[in-house]
Amino acid sequence: MRSTRFLLPAAALLALVTGTANAQISISAHNFSSMAWSGGEICKPCHTPHFANPDAGRLWNHALTNATYTLNNGSTGSAAVDFDKGTRLCLSCHDGTVALDSFGGMTGTSFMPVTGDLGTDMRNDHPMGSRAIYPTGTSTSYNPQDPVSHQVVFNGKSLRLRSWTDPNGATQYVVGCRTCHDPHNRGNHGHMLTFSNAASALCLTCHIK
C-alpha cells in the first residue's frame, strides 16, 4: 500500500492555495455568492468543471456577448471579430447586453449595475483589440514588447498583451481587458488592476511620457 505520509501535506497545500485564490475573489466585485441567483457559488457564474463552452476556453460557463460596438475611432466592430477572447469574456457581463445570471445554460435577468456597465459605445474607453495593436518595432510613444513573451516590461513592472486573430488570419498582440485588469483579483489592487497604478505606474509601463 502506498504511504499517505507524503500525500497529506500535498493535499493540505492544495487546500491552502485554493483557499487563498477564493479569498481574493471573495473580497472583490466578482464575488456574486451573496446573490440569490448564484446559488451561493463563487466560481460557477463564470466557470464550470463540466459541460463548459469549448469555443471560449477557460472552462467557461457564462453566455457570450455577440454585441456590435462603436469602437474607439467611431467605426463599428463586433465582439467576435474585434476583440481577443479574454476581452469578449469580460464584455459578456460588462457591455450590459448579457445578464450576470446568464450562466449554466440559463437566460438571466440581472444585469450589470451602471458603475460596471461599459455599454457598447467604446469611444470613451481605452482602445482594445483591433484598435490597440501594440507596436512591434522601436517607438517613441510606447515601451517595447518582448517578442517571445509579448509582455511590456518597464521599471520592474510588466503587462501582458493578448493574442488576437485579425480578419486576415494573422496573430496580432493587442491591449485587452486582462492586460490591465485581473478578474481573479490576485493582488487586491483598486479596480481589480494587475498592479497598483500609483504614480501612473501601470499607464507608464506601456506609454512613454
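Tutor: Let's start with a term: buried means under 20% relative accessible area, exposed means over 50%, and partly exposed is in between (1.4 Å probe, protein chains only). This is a predicted model, so local features need pLDDT of at least 70 and side-chain atom pairs count only at pLDDT 80 or more, while totals for chains, interfaces and linings use all residues. Residues are numbered from 1 along each chain as its sequence is written, and side-chain values use heavy atoms, leaving out hydrogens and water.

Student: Is Cys206 buried or exposed?
Tutor: The relative accessibility of Cys206 is 7%. The cut-off for the covered class is under 20%. Cys206 therefore counts as buried.

Student: How far is the sulfur of Cys206 from the closest cysteine sulfur?
Tutor: A disulfide here is a pair of cysteine sulfur atoms within 2.5 Å, and the structure holds zero of them. Cys180 is in no disulfide, and its nearest cysteine sulfur belongs to Cys206. Seen from Cys206, the closest cysteine sulfur is in Cys180, too far for a bond, at 6.6 Å.

Student: Which residues make up the largest nonpolar core?
Tutor: A nonpolar core is a set of buried Ala, Val, Leu, Ile, Met, Phe, Trp, Tyr and Cys residues joined through side-chain atoms within 4.5 Å. In soluble globular proteins, nonpolar side chains tend to be buried together. The largest one has eleven residues: Ala132, Tyr134, Val152, Leu159, Leu161, Val175, Cys180, Leu193, Phe195, Leu202 and Cys206.

Student: What does Cys180 touch beyond four places away in sequence?
Tutor: Contact means heavy atoms within 4.5 Å. Leaving out residues up to four places away in sequence, Cys180 touches Met192, Leu193, Thr194 and Leu202.

Student: How many helices and strands are there?
Tutor: Helices (H or I, at least four residues) and strands (E, at least two) are DSSP runs, numbered from the N terminus. From the N terminus on, the order is α-β-β-α-α-β-β-β-β-α-α. The count is five helices and six strands.

Student: Which residues of helix H3 are buried?
Tutor: H3 spans residues 85-94 and is mostly covered, with seven of its ten residues buried. Those buried residues pack against E1, helix H2 (79-82) and helix H4 (177-180). They are Gly86, Thr87, Arg88, Leu89, Leu91, Ser92 and Cys93.

Student: How far apart are the C-alpha atoms of Leu64 and Leu89?
Tutor: Leu64 lies in the loop between helix H1 (7-26) and strand E1 (68-70). Among the residues Leu64 touches are Arg88, Leu89 and Ser92. Leu64 and Leu89 are 25 residues apart along the chain, and their C-alpha atoms are separated by 6.5 Å.

Student: In the hairpin of E3 and E4, which turn residue has a positive phi?
Tutor: Two strands pair if DSSP finds at least two bridges between them. E3 (residues 151-154) and E4 (residues 157-160) run antiparallel and are joined by four bridges, with Val153 partnered by Ser158 in E4. Two residues sit between the strands, and the one with a positive phi, of about 55°, is Asn155.

Student: And in the hairpin of E5 and E6, which residue takes a positive phi?
Tutor: E5 (residues 162-165) has Arg162 and Trp164 on its covered face, with Ser163 and Thr165 on the uncovered one. E5 pairs with E6 (residues 171-174) in the antiparallel sense over four bridges, and Thr165 has Thr171 as its bridge partner. The hairpin has five residues between the strands, and the one with a positive phi, near 90°, is Gly169.

Student: What is the phi of Met192?
Tutor: Most residues other than glycine have a negative phi, and most peptide bonds are trans. Met192 is found in the loop between H4 and helix H5 (201-206), and is buried, with a relative accessible area of 12%. Its phi is a positive value, near 55°.

Student: How many salt bridges are there?
Tutor: A salt bridge is a side-chain nitrogen of Lys or Arg within 4 Å of a carboxyl oxygen of Asp or Glu. Asp121 forms one with Arg123, with the closest N and O atoms 2.6 Å apart, and the side chains of Asp182 and Arg186 meet in another at 3.0 Å, N to O. By this rule, the count is two.
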